[in-house]
Amino acid sequence: MKADGAFDYIVIGAGSAGCVLAQRLTASGDNRVLLVEAGGQDRNIWIHIPLGYGKLFSNPKVNWLYTSEPEPELNDRRIIQPRGKVLGGSSSINGLLYIRGQAEDFDHWRQRDNTGWSYQEVLPYFRRAEDQERGEDEFHGIGGLLAVSDVCEPHPLCEAFLAAVQQAGLPLNDDFNGPTQEGAGYYQLTTRNGRRWSTAVGYLRPALRRQNLEVVANALVTRILFNGRRAIGISYERGGAMRTAHAQGEVILAGGAFNSPQLLQLSGVGPAPLLKSLGIDVIANMPGVGADLQDHLQVRMQYHCTEPITMNDIMCSRRRQLAAGLRYVLWRKGLLTIGAGYAGGFFRTDPSAATPDVQVHIIIFSADTAGAALHTFPGFIASVCQLRPESRGHVRIRSTDPREPPAIQPRYLSAPNDREVLTRGLKLLRRIMTQPAMQRYIVEERAPGPGCRSDEDLLAFAREVGTTVFHPTSTCRMGSDLNAVVDERLRVRGLERLRVVDGSTMPTIVSGNTNAAVIMIAEKGSDMILADAKAGSVAAAG
Ligand SMILES: Cc1cc2nc3c(=O)[nH]c(=O)nc-3n(C[C@H](O)[C@H](O)[C@H](O)COP(=O)(O)OP(=O)(O)OC[C@H]3O[C@@H](n4cnc5c(N)ncnc54)[C@H](O)[C@@H]3O)c2cc1C
């Protein structure tokens, strides 16, 4: 098969969603699929060692390295916005936590007129995707292509946190993806035998041998090609040469929450005034493309620990580093196997809330910012993020050059409710951290520190240090209202043979980490694409 030729399906972006699509659409052997990825192969060793994720924050070979516009409610700071640019996309550089969100999130999607997306209807896709180390039950599946594992061993700081949660009168929970999300426990990770389980590893690799799949890496898709309102192919740049590829079936955009709206806008699908101001011919005036950006804002409290049991202590000692490395190589155990959070929890900051409204992460190292050098003293972080932000931002192209990053403006904390919930979340976190079980490990709260007392102080701290937990969504939102970009079958509204299948399509952000929900969307989206082709109703959205 030649990449310049014609295919049944063209998938743009080999990220969390794109690799699932490539796997599922080629499984029968009937469809010729082209998967085009801007990044390269996932050969960097730090991709595959879970702890290595800290090394990928500033590596342009695997990361788009976006930053936001100055954020007005965060003292005009620009917030880093890493995104995977490599096979596996953000699933190759993420923090590996396996969290699906709350059942109520999906019921809410359904209530917003998205037929087929209630919790009961998406649960089978979470289960189908999963290969759960603990085995199968009503909520979990085995034999799927996404490995989900427990952390390899308990850690004293996490044990203290769980005891402190109980001392604070809050519940424990040993399965955040089971009957209820509320409570504290250890996180499960998308790993197997101590190795990262990206969608490139789990979904794409087993499909690579198939004759009907062509993967073109290091290729930037510059435009979706249209004949009238029908998507017919793509143009892309590889090695300095421009190429085109045509799809007889559909073009499926899986570029993620920043790049999917960017590519639609570059291709003439987006808010007409923006496109016209840049001289782009308007194929469809869709104000919702790039609108409704949602993300989780995280605030990290830093603690000086009484004992040398943190990652800081390992990283500042050659001997301990060697021992940790050896333990990993020999037994795939120890600190190299951990993800972005070790333990954590989901809590209600307001007893009248129906479900948890904040998430807590216990991170057994400390640094001034994400990806920065670790402190040289024993230290750890406890962070809080609000789960259902009401703030809405946007993604907008600035030029017709596909290489120029779009303007990303999340508008964190612009909704009053978000400021209130986050402040309450910080107070709740402090309540836990000041319980006896936790206090025995704390020399001092380094940030914000004892001088930060009132609600105003806490909010000022959040404005000063708050940063993303890397969960942008909803910029090509599913729905039936005028701002919705795709319908409930993920077809771009008003156009033909074009879908978006990735995190940008979430009607609202889920209450938790986003990778599992993106994979679920792609699992379900693949079924829809195949079913529609069978029924002869290929992607012609109303
Ligand atoms: C640092 C970090 C930590 C995170 N931690 C967690 C976590 O612990 N748990 C969790 O559940 N979630 C986490 N997430 C979020 C989660 O990984 C993402 O929500 C999810 O991977 C998004 O999937 P996607 O398919 O929408 O986009 P992506 O996985 O980002 O895939 C998009 C792909 O499209 C490619 N692409 C884009 N534009 C083009 C173009 N024009 N031409 C060709 N290719 C293109 C990109 O290079 C990329 O490979 C984290 C994310 C990051 C960045």
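A backbone N or O atom of Asn 515 lies 2.8 Å from an oxygen atom of the ligand, and the protein buries 98% of the 1,000 Å² that the ligand exposes when taken alone (areas by the Shrake-Rupley method with a 1.4 Å probe). This is a predicted model, in which local features need pLDDT of at least 70 and side-chain atom pairs count only at pLDDT 80 or more, while totals for chains, interfaces and linings use all residues. Residues are numbered from 1 along each chain as its sequence is written, and side-chain values use heavy atoms, with hydrogens and water left out.

Around the ligand there are 37 residues, of which Ser 16, Glu 37, Ser 90, Thr 514 and Asn 515 come nearest (a residue counts when one of its heavy atoms lies within 4 Å). A polar backbone atom of Ala 17 is 3.0 Å from an oxygen atom of the ligand, and one of Leu 96 is 3.1 Å from a ligand oxygen.

Helix H1, residues 16–26, is largely enclosed by the rest of the structure, because 10 of its 11 residues are buried (under 20% relative accessible area, 1.4 Å probe, protein chains only). Helices are DSSP runs of H or I with at least four residues, and strands are runs of E with at least two. Among the buried residues of H1 are Ser 16 and Ala 17.

The largest share of the shell around the ligand, three residues, comes from strand E12. Seven of the nine residues of E12, residues 219–227, are buried, so this strand too is largely enclosed. Eight bridges join E12 to the antiparallel strand E13, residues 230–238, and Arg 223 has Ser 235 in E13 as its bridge partner.

Note on methods:
Buried < 20%, exposed > 50% of the residue type's maximum accessible area, 1.4 Å probe, protein only. Pairing = 2+ DSSP bridges. Polar contact = N/O pair within 3.5 Å; in protein donor to acceptor, adjacent residues only side chain to side chain.
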